[in-house]
Amino acid sequence: MTLPLRLQGTVCYWRDDKGFGFVITDHKERLFFHIRDFKQAPARRPQQGDRLSFELGVDKQQRHYAQSLQLEESTVAKIKPAKATAPDVYQIQQQAWCFRYLFFALLLLSLLAGSFAFIVPLFYLEASLFTYWLYQIDKKLAASGHSSRLPEESLQMFSLIGGWPGALIAQNGCTIRCTRCLFSASSVL
């Protein structure tokens, strides 16, 4: 049994939002590859000009493509690791839970103190701003390719407790989760 031959090439096109690209082999053959075809998840996403080593595969239509990909070490070493720009999901979720408890506690206190009618609009404005902020954070997480994002239940909960104007503005201004009709409908309701 012979081991598959490893080829090398350079990424000539990469579409990060879709997770696919093309590599030109050293023999000038252009091959398709997908992010899922890496042997192990790479330390960073491929970029145009990166050197890859790979095995040749054949798809269902009998076309050649690159599989079992690896970023070459010399390419990885040239680029300094980027600082994490994505926010910490765990910390944001903790802040969200604190906001929920604080919101309901202050709402209850204003009801008991008799100043409910004056303070409620301020609470809802604050909830709306906080909801808008959460949507912005979720957009940053999505754009950075973060695997763990804010749960939809959290975003819906803040829409429900009064942050629906912020959610509506964020959904119309940001292109996250807006394609899901059910989510958009449930946040408006």
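A salt bridge is taken here as a side-chain nitrogen of Lys or Arg within 4 Å of a carboxyl oxygen of Asp or Glu. In this predicted model, R44 and D50 form such a pair, with their closest N and O atoms 2.9 Å apart. Both R44 and D50 are buried. The structure holds six salt bridges, among them the R44–D50 pair and two further pairs described below, R6–E55 and R51–D26.

The side chains of R6 and E55 meet in a salt bridge with an N to O distance of 3.5 Å. R6 belongs to strand 1 (residues 6–15) and E55 to strand 4 (residues 51–58), so this contact ties together parts of the chain that are 49 residues apart in sequence. The relative accessibility of R6 is 28%, and R6 therefore counts as partly exposed. E55 has a relative accessibility of 14% and counts as buried, because buried means under 20% relative accessible area.

A salt bridge is also formed between R51 and D26, where the closest N and O atoms lie 3.1 Å apart. This pair links distant parts of the chain, 25 residues apart: R51 is in strand 4, whereas D26 is in the loop between strand 2 (20–25) and strand 3 (30–34). R51 has a relative accessible area of 23% and is partly exposed. D26, at 44% relative accessibility, also counts as partly exposed.

Conventions. Residues are numbered from 1 along each chain as its sequence is written. This is a predicted model: local features need pLDDT of at least 70, side-chain atom pairs count only at pLDDT 80 or more; totals for chains, interfaces and linings use all residues. Side-chain values use heavy atoms; hydrogens and water are left out. Helices (H or I, at least four residues) and strands (E, at least two) are DSSP runs, numbered from the N terminus. Buried means under 20% relative accessible area, exposed over 50%, partly exposed in between (1.4 Å probe, protein chains only).
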